[in-house]
Amino acid sequence: NESFLPQLNIAYENGTNKADFLAGKVDEYEWKGLGSNCYMSEMLARVLLEQLKGVEKITAARMAKWNYYQQFFTALEKAGDIELLKIPAGCVHNGHNFIIKTPNLHTRAGLMDMLARKGIEAAFHYIALHSSEFGKKAGKFIGEDKYTTRDSQRLLRLPLFHDIGQAEQDRVLKEVYAFFGKKYPA
């Protein structure tokens, strides 16, 4: 029954309208309803099993790429152009993405647009849950919204994947530095 397809897509895409976003029907995706993260075929399960056998090596390689960005973006943070995420003391992460915070939504949009023109894919992270269609229906924001909406509008994910090379990272760094009117130091 094809009438169920829109709701099925929302459930399959973690409760978001990501399928519409990928099809170019909407400019950004947001939560629309209940969903789950359950993408996995038998073939992918086999690949995952092999990756789990080498998780330490894979994580170390990804962390090296994450740390490379962190090292070179520190200068832009010190200049006040961006803010880097802080990993709390005693916590560890696996470097699965690299996020910067721009000063505001306008700056993020301009940076994303410039990177796209240069063939570099960068994406906003998510619309704040309480601002999404589903969030408005399913819950309410309690307290003062000092950070959530503002930070959701500033977050930008930069390219970081298992086989990104240093030259590709340098290209991303160079373009972000140029956007802020600075020369990349490496």
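A: Let's start with a term we'll keep using: a residue is buried under 20% relative accessible area, exposed over 50%, and partly exposed in between (1.4 Å probe, protein chains only). The model here is predicted, so local features need pLDDT of at least 70 and side-chain atom pairs count only at pLDDT 80 or more, while totals for chains, interfaces and linings use all residues. Residues are numbered from 1 along each chain as its sequence is written, and side-chain values use heavy atoms, with hydrogens and water left out.

Q: OK, what is the mean pLDDT of the protein?

A: pLDDT is the predictor's confidence in each residue, from 0 to 100. The protein averages 93, and 100% of its residues reach 70 or more. Among its elements, H8 has the highest mean pLDDT (98) and H6 the lowest (88). Those labels come from DSSP runs, numbered from the N terminus: helices (H or I) have at least four residues and strands (E) at least two.

Q: How many salt bridges does the structure hold?

A: First, the idea: side chains of opposite charge can pair when their charged atoms come close. A salt bridge here is a side-chain nitrogen of Lys or Arg within 4 Å of a carboxyl oxygen of Asp or Glu. The structure holds 14 of them. Take Arg 117 and Asp 113, whose closest N and O atoms are 2.4 Å apart. Both sit in helix H5 (residues 105-117), four residues apart, which is about one turn of the helix.

Q: Which residue does Glu 175 form a salt bridge with?

A: Its partner is Lys 118, with the closest N and O atoms 3.9 Å apart. Glu 175 belongs to helix H8 (residues 166-179) and Lys 118 to the loop between H5 and strand E3 (123-124), so this pair ties together parts that are 57 residues apart in sequence. Glu 175 is buried, with a relative accessible area of 13%, whereas Lys 118 is partly exposed at 39%.

Q: What about Lys 137?

A: Lys 137 forms a salt bridge with Glu 133, again with the closest N and O atoms 3.9 Å apart. These two are four residues apart in helix H6 (residues 133-138), so about one helical turn separates them. Lys 137 is exposed at 59%, and Glu 133 is partly exposed at 36%. Elsewhere, salt bridges that share partners join Glu 83, Lys 101, Arg 150, Asp 151 and Arg 154 into one network.

Q: And how many aromatic pairs are there?

A: Rings of Phe, Tyr and Trp (its six-membered ring) pair if their centres lie within 6.5 Å; planes under 30 degrees apart are stacked, over 60 edge-to-face, and the rest tilted. The structure holds 10 such pairs. In one, the ring centres of Phe 73 and Phe 98 are 5.7 Å apart and the planes meet at 20°, so the pair is stacked. Phe 73 is in helix H4 (residues 55-78) and Phe 98 in strand E2 (residues 98-101), so parts 25 residues apart in sequence are tied together. Both of these Phe residues are buried.

Q: How do the rings of Phe 179 and Phe 180 pair?

A: Their centres are 5.1 Å apart and their planes at 90°, so that pair is edge-to-face. Phe 179 is partly exposed, at 30% relative accessible area, while Phe 180 is buried, at 15%.

Q: Which residues do ring pairs link into a cluster?

A: Trp 66, Tyr 69, Phe 73 and Phe 98.
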